[in-house]
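Student: May we go through the packing of this structure, one question at a time?

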Amino acid sequence: MHRRKLLQMGLGVLGAGLLPAADARADDDIIGAILEGKQPNITPPPLALSPPPLVAARPAVTQARWVHLHNVHTGEKLEAAYWENGGYVPDAVQALNKVLRDYRNDQVHPMNPGLYDILDQIRAKTESKSPFQVISGYRSPATNKLLRERSGEVAKHSLHMDGKAMDIYLEDVALEHIRAAALDLGRGGVGYYPESNFVHVDVGPVRQWKGT
């Protein structure tokens with residue numbers, strides 16, 4: 001028997017029970033091509049797909065926070081982005097300090113920027129489109145003493161003196177709705193003064209009260 005045939009038969013016997021018939025025929029074709037001095041046509045195994053490259057997660061885009069104020073005593077208005085890129089904007093904070101100064105003696109005091117966060121959330125809850133009308137921002141000790149002599153509702157150690165309180169209202173939102181929105185935040189103090197037409201907000205302990 002021809003040597004090529006023997007080799008083919010021998011490989012076929014050895015591979016019986018180990019390879020499927022289609023694989024055995026494929027091996028015969030490869031060996032036959034080698035014996036005849038031909039380059040076998042071998043189909044390479046499929047290349048393993050490389051895993052997709054890792055992509056770094058992009059940081060979430062944080063919108064700027066705005067506040068719009070109108071000092072009813074001086075007539076000054078200011079709309080400013082007081083917070084952006086992860087922090088309070090120094091220039092905007094300084095400008096707001098000036099608008100919220102003690103108008104009786106022009107004393108400027110740093111206001112706690114957390115107040116602007118409270119106003120921003122009240123505006124969002126009430127969907128107001130008008131500026132916050134500011135009755136009182138910073139109060140110097142002299143002004144606070146003067147007001148205390150006129151009214152027993154002024155605290156001796158008012159948070160206004162520390163730049164931590166504001167008295168405000170909105171022209172397009174009912175006063176009781178402003179109060180409700182402020183209380184819903186669950187932060188700082190909320191005083192309701194329906195006869196004087198303002199709501200007191202501060203960054204002190206959580207509490208509430210009603211005045212005149």
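This is a predicted model: local features need pLDDT of at least 70, side-chain atom pairs count only at pLDDT 80 or more; totals for chains, interfaces and linings use all residues.

Tutor: Residues are numbered from 1 along each chain as its sequence is written, and side-chain values use heavy atoms, with hydrogens and water left out.

Student: How many residues does the largest nonpolar core have?

Tutor: A nonpolar core is a set of buried Ala, Val, Leu, Ile, Met, Phe, Trp, Tyr and Cys residues joined through side-chain atoms within 4.5 Å. Buried means under 20% relative accessible area, exposed over 50%, and partly exposed in between (1.4 Å probe, protein chains only). Leu69, Leu119, Ile122, Met166, Ile178 and Val201 have the most contacts inside the largest core, and its residue count is 34.

Student: Which residues does Ile178 touch, not counting residues up to four places away in sequence?

Tutor: Contact means heavy atoms within 4.5 Å. By that criterion, the residues touched by Ile178 are Ile122, Ile168, Tyr169, Leu170, Val173 and Val199.

Student: Why is the pair of Tyr82 and Tyr88 stacked?

Tutor: Rings of Phe, Tyr and Trp (its six-membered ring) pair if their centres lie within 6.5 Å; planes under 30 degrees apart count as stacked, over 60 as edge-to-face and the rest as tilted. The structure holds three aromatic pairs. In the pair of Tyr82 and Tyr88 the centres are 6.1 Å apart, and the pair is stacked because the planes stand at 20°.

Student: Is Tyr82 buried or exposed?

Tutor: Ring pairs link Tyr82 into a cluster with Tyr88 and Tyr116. Tyr88 counts as partly exposed, at 36% relative accessibility. Tyr82 has a relative accessible area of 0%, so this residue is buried.

Student: Where do the buried residues of helix 5 fall, seen down its axis?

Tutor: Helices (H or I, at least four residues) and strands (E, at least two) are DSSP runs, numbered from the N terminus. In helix 5 (residues 141-150), Thr143, Asn144 and Leu147 are buried. Taking the directions from the helix axis to the C-beta atoms, these buried residues line one face because they fall within an arc of 100°.

Student: Which residue is joined to Ser136 by a side-chain polar contact?

Tutor: Ser136 lies in strand 4 (residues 132-136) and counts as buried at 10% relative accessibility. A polar contact is a pair of N or O atoms within 3.5 Å; within protein, one must be able to donate a hydrogen and the other to accept it, and residues adjacent in sequence count only if both atoms are side-chain atoms. At 3.1 Å, the side-chain partner of Ser136 is Arg139.
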